[in-house]
Amino acid sequence: MIILKNEEEIKKIGDSGKIVAEVLAKMKEMAQPGLATIRFDEEARRITKGYGARAAFLDYHGYPSSICVSVNEVVVHGIPSRKQILKEGDIVGLDFGIELHGYVADATISVPVGKVSEKASRLLKTTEESLFMGIAMARRGNRLGDLSSAIQVHAERSGFSIVRDFVGHGVGRQLHEDPMVPNYGKPGTGIKLEVGMVLAIEPMVNEKGYEVEVLNDDWTVVTKDKGLSAHFEHTVAITPTGPMILTAL
Ligand code: MF3
Ligand code: CO
């Protein structure tokens with residue numbers, strides 16, 4: 001069941017979204033060679049606490065951290081650790097969500113650590129562009145497949161592949177609400193988009209094949225062929241005048 005949000009609720013999601021954006025901006029600055037990835041978790045918790053907010057991922061189905069940190073071939077749900085140290089040339093996905101006053105916002109950036117390869121840099125750029133292609137289609141009257149297809153076409157045209165096994169989602173009182181928002185699909189198919197829908201749109205784009213597998217920790221998702229993967233996400237409201245990004249600064 002899709003829960004439509006009124007203006008007041010969208011404003012609350014936006015309040016959460018601003019904190020998410022602030023945390024991610026801080027994470028981006030921190031993403032330097034030599035940093036242990038646990039530091040992202042510590043800093044994200046500190047800022048979240050300062051706002052009296054709740055980290056939405058912590059303990060979600062047992063997830064052990066406040067933030068997902070996904071390095072290189074890790075697609076999503078990487079767990080920060082004391083032992084994992086960032087090095088020059090890595091790319092790192094930082095996925096974070098909070099709940100404030102009952103409403104959740106969820107966003108992801110992927111960033112380079114120092115200087116990265118041409119291929120890695122193109123993957124980051126293409127994935128972020130794909131997200132914005134999807135956001136541009138988040139308009140009343142369009143179908144979900146229009147949005148999904150826009151994301152897929154851009155990524156594949158650039159020679160990359162779209163992850164199938166994980167998708168975006170509605171967001172509101174819960175981190176994951178209906179509808180599922182795939183990053184692949186056909187124009188003119190799927191539900192009609194309506195004013196009041198709030199969607200977490202989150203393309204995961206792989207350098208090589210789209211197949212993924214889950215490691216023994218039951219969380220970390222990696223590419224099967226060990227190619228790089230990038231991930232960008234915004235929480236977006238569909239308003240009478242078009243898409244409104246709720247996780248921007
Ligand atoms: N942005 C991710 C998602 O929508 C974050 C969830 S991680 C989890 O699925 F640990 F909370 F599951
Ligand atoms: Co999400």
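1. **Conventions.** Residues are numbered from 1 along each chain as its sequence is written, while chains are lettered from A and ligands numbered from 1 in the order in which they are written. The model is predicted, so local features need pLDDT of at least 70 and side-chain atom pairs count only at pLDDT 80 or more, totals for chains, interfaces and linings use all residues, and side-chain values use heavy atoms, with hydrogens and water left out.

2. **Cobalt site.** Four residues coordinate the cobalt ion (ligand 2): D106 (OD), H169 (NE2), E202 (OE) and E233 (OE), at 2.1 to 2.2 Å. Donors here are N, O and S atoms within 2.8 Å of the metal (3.2 Å for Na, K and Ca); water is not among the atoms, so sites may look incomplete. The ion has 6 donor atoms, with angles of 66 to 169 degrees among them, and the site is classed as irregular. For reference, four donors are tetrahedral if all angles lie between 85 and 135 degrees; four are square planar and six octahedral if opposite donors are over 155 degrees apart and all others between 65 and 115; anything else is irregular.

3. **Donor spacing.** Along the sequence the donor residues follow D-x62-H-x32-E-x30-E. The pair H169 and E233 links distant parts of the chain, 64 residues apart. H169 sits in strand β7 (residues 168–170), and E233 in the loop between β13 (229–231) and β14 (234–239). Helices (H or I, at least four residues) and strands (E, at least two) are DSSP runs, numbered from the N terminus. Both H169 and E233 are buried. Buried means under 20% relative accessible area, exposed over 50%, partly exposed in between (1.4 Å probe, protein chains only).

4. **Ligand 1.** Ligand 1 is surrounded by 13 residues, the closest being Y63, D95, D106, H169 and H176. Near means that a heavy atom of the residue lies within 4 Å. A side-chain N or O atom of D95 is 2.7 Å from a nitrogen atom of ligand 1. H169 places a polar side-chain atom 2.7 Å from one of its oxygen atoms; E233 places one 3.2 Å from a nitrogen atom.

5. **H231.** This residue is in strand β13. H231 is buried, at 3% relative accessible area. Beyond four places in sequence, the contacts of H231 include V75, D95, T108, T127 and M204. Contact means heavy atoms within 4.5 Å.

6. **T247.** T247 lies in the segment after β15 (242–245). Its relative accessible area is 4%, so T247 is buried. The side chains of T247 and H234 are joined by a polar contact of 2.7 Å. The T247 side chain also reaches the backbone nitrogen of T235 at 3.0 Å.

7. **Helix α4.** The 14 residues of α4 reach 20 Å from first C-alpha to last, close to the 20 Å expected at 1.5 Å a residue. The expected span is 1.5 Å times one less than the number of residues. The helix is mostly covered, with 11 of 14 residues buried. Its cover includes α3 (118–136), β6 (161–162) and β8 (177–181). Just after α4, G159 takes a positive phi of about 90 degrees.

8. **S149.** Within α4 (residues 144–157) sits S149. S149 is buried, with 8% relative accessible area. Apart from neighbours within four places, S149 contacts G185, K186 and P187.

9. **Backbone points to check.** Most residues other than glycine have a negative phi, and most peptide bonds are trans. The peptide bond from D178 to P179 is cis, with omega near -5 degrees; P179 lies in strand β8. H101, not a glycine, has a positive phi of about 50 degrees. H101 is in the loop between β4 (91–100) and β5 (103–112) and is exposed, at 61%. K226, also not a glycine, has a positive phi of about 65 degrees and lies in the loop between β12 (221–223) and β13.

How values were computed
Polar contact = N/O pair within 3.5 Å; in protein donor to acceptor, adjacent residues only side chain to side chain.
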